[in-house]
Each structure stands twice: as structure tokens, then as C-alpha cells.
Amino acid sequence: MGLIFAINPGIITAIVLSIIGLVILILLITRIKIVRQTQKLIIERFGAYHATWSVGVHFLRPFIDRIAQVVSMKEQVSDFDPQPVITKDNVTMQIDTVVFFQITDPKLYSYGVENPIAALENLSSTTLRNIIGELDLDETLTSRDIINTKMRSILDEATDPWGIKVNRVEVKNILPPKDIREAMERQMRAERERREKILLAEGEKRSQILQAEGERESQILRADAEKQAMIKKAEAEAESILKVKTAEAEGVRLTRQAQADGYKMLVDAGLTKEVLAIKSFETFEKVSDGQSTKIIIPSDMQNLASTIAGVAEVVKDKK
């Protein structure tokens, strides 16, 4: 006991001061704050807004300053629960939406509304009801793009005082009542059957048209072939007749030439009287081929025959 009371009071004071200094150092170290890239810190001093800290190292004064809120600057996604809505034609359905938003002003986000996410969800629900109330069932099912665009525009304008920018709104699911779904399924089935019948009828019609066109083309080709065959046949017959007539004409020409040559030889031989006799005989031959029923034969026919024989002998001697 005597040893305890013998400790120097200066040592105790130094220890106490060391402990106090260590506590102050730890306190100061813990008041150093590092803000990350995607964060903003809302700082309050004596309970009032003081500053918005961005990325970097900051010092928070002990007992004076406090971090009121840490705000994420990333784009956030909120998937809201399905909401019951009523269409223009009084059909109740469940629709759930997904909202993509980003905080643009941390101060307004912290002080603009009590619970920004809950406020955004309620605003989305009321906006969706107003938009769907202007559409009937069919328009609701086929106008998702219109619904998304209108909701994004309305929500983006309404959330500006909260420091929120709504980038996109997507209708995730539209769930009509069960009886409406069954009626839609029956309607789609009937529509598919109707389209199937139309396609079958169109196919059969097209097949008949193609078959008729094929038959018509075949008849045209057959007629054209027959025409060409008749033309070729007529050309062949004409060519044959032409050749026959040419041969006959050539024969006549040669015969006349031979006669002319014979007469010339007789004339050259001085037998003009005999030539006239032969001419008379040829004339008599032509007269006998006519339609006359009476033929007068000259009395000197015998002399004419002997004259022709003499001419023949002369021609033979000339050769």
C-alpha cells in the first residue's frame, strides 16, 4: 500500500493526458470522411443544412457537424407492386410498372419530400390510373409505348422539386381478369382459324390460277407448233410445185430450142419448102386436139408424110 501512494503525481497526470490525447486523436481520425465517386454526402451543422460533399477527403467537425444523408448518384430501379386500374370500358386489371430514375440534386432529394421512393410509387400509381382511365381494354393492351411515354413525362415533371429525374418507365405486366383472358384466348383462336382458312383458300385459288395459266400456255404452244408445222408443210409443197413447174418450163424451153435448131438446120440446107410442110403438120396436130367434131384432111397428106421422111434423112445426113 505504501508503494501505491508513493507514485509521483506527475506521472499520473501524464498518463491521463496521454489517454485524453489518444481519445482525441481517435475521435479526429473517425471524423475524417472519404466520399466515393458515386456518392454525395449531405452535411448539417447545428441541425441545419451546411454543405453537399462530393468525391474526396473531408473532415467532419466533432459535435458540430453530422452526416444527414448519403445519396447515391447511380441510376436506380424501382419495381412497384401491381396496381388495380379501371379502363374506360370498366374493366379492372392489374398493372405493375418499373421506374428508372436518377438523383440530380442531393439537397432537394434530402429535403424536398419525406420519403422520395414512397412518394414516387404513389405518384406512379395515380398517374397510371389516370392514363388507363382514358383508354379502353384493347387500347391498353396495344398501347404500352404510349403509356410508358406519358408516364415518364408526367413523373419527370412532378419529381423535379424532389431532385429526381425519371429516365424511363416500363409497363412490366398487364393482367386482365380471368374471364377477359379466356374470352381473349377464344378470340385469338378464332382469328387464327380464320386466317388459316383464308390462307388455304388463297393457296387453292392460286393453284387453280396457275393450273389454268399452264393449260392456256400449253394450248398456245400447241397451236403455235401446229401453225409452224402447217407453214413448213405449205412451204415444202410450194417449193415442190415450183421445182416441178421449173422442170416443165425447162423441158418446154429445151423442146422449143430443139425445134428451132432443127428448123434452122433445114433452112441452112435449103429445104425451106420442107420446113413449111412440117409447120403445116404441127398446125394440123394442134387442130386435132381441139373441140371440133369434123376434121378436114388435106389431099396431099401423103406427100407431106414423104416430105417429113425426107427431111429426117437430110437431118440425119447433116449430123
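Colleague: Which residues does Glu44 touch, leaving out those up to four places away in sequence?
Modeller: Tyr49, His50, Ile64, Asp65, Arg66, Ala68 and Tyr111; a contact here means heavy atoms within 4.5 Å. Bear in mind that this is a predicted model, where local features need pLDDT of at least 70, side-chain atom pairs count only at pLDDT 80 or more, and totals for chains, interfaces and linings use all residues. Numbering runs from 1 along each chain as its sequence is written, and side-chain values use heavy atoms, with hydrogens and water left out.

Colleague: What makes Glu44 count as buried?
Modeller: Its relative accessibility is 9%, and buried means under 20% relative accessible area with a 1.4 Å probe and protein chains only (over 50% is exposed, in between is partly exposed). So Glu44 is buried. Glu44 sits in strand S2, residues 39–45.

Colleague: Which side chains does a polar contact join to Glu44?
Modeller: Arg66, at 2.9 Å, and Tyr111, at 2.8 Å. The term asks for a pair of N or O atoms within 3.5 Å, one able to donate a hydrogen and the other to accept it; residues adjacent in sequence count only if both atoms are side-chain atoms.

Colleague: On to H3. How do you know that its span agrees with its 17 residues?
Modeller: The expected span is 1.5 Å times one less than the number of residues, which gives 24 Å for H3, and its end C-alpha atoms are 24 Å apart, so the two agree. Helices are DSSP runs of H or I with at least four residues, strands are E runs of at least two, and both are numbered from the N terminus.

Colleague: Which residues of H3 are buried, and what covers them?
Modeller: Among the buried ones are Pro116, Leu120, Leu123, Ser124 and Leu128. Their cover includes strands S7, S8 and S9, plus helices H2, H4 and H5.

Colleague: How many cavities of 30 Å³ or more are there, and what makes a space a cavity?
Modeller: One turns up in a search of the whole structure. On a 1 Å grid over the protein atoms alone, a cavity is a set of points where a 1.4 Å probe fits but cannot get out, and lining residues have an atom within 4 Å of a point. About 40 Å³ of space lies in the largest cavity, counted as the space filled by probe spheres set on points joined across faces, edges and corners.

Colleague: What gives the most to its lining?
Modeller: H3, with four residues. The lining includes Glu121, Ser124, Ser125 and Leu128, as well as Phe80 and Ile95. Strand S8 also supplies at least two residues.

Key:
1 Å grid on protein atoms, 1.4 Å probe; cavity = no way out; pocket = protein on both sides within 12 Å on 5 of 7 lines; lining within 4 Å.
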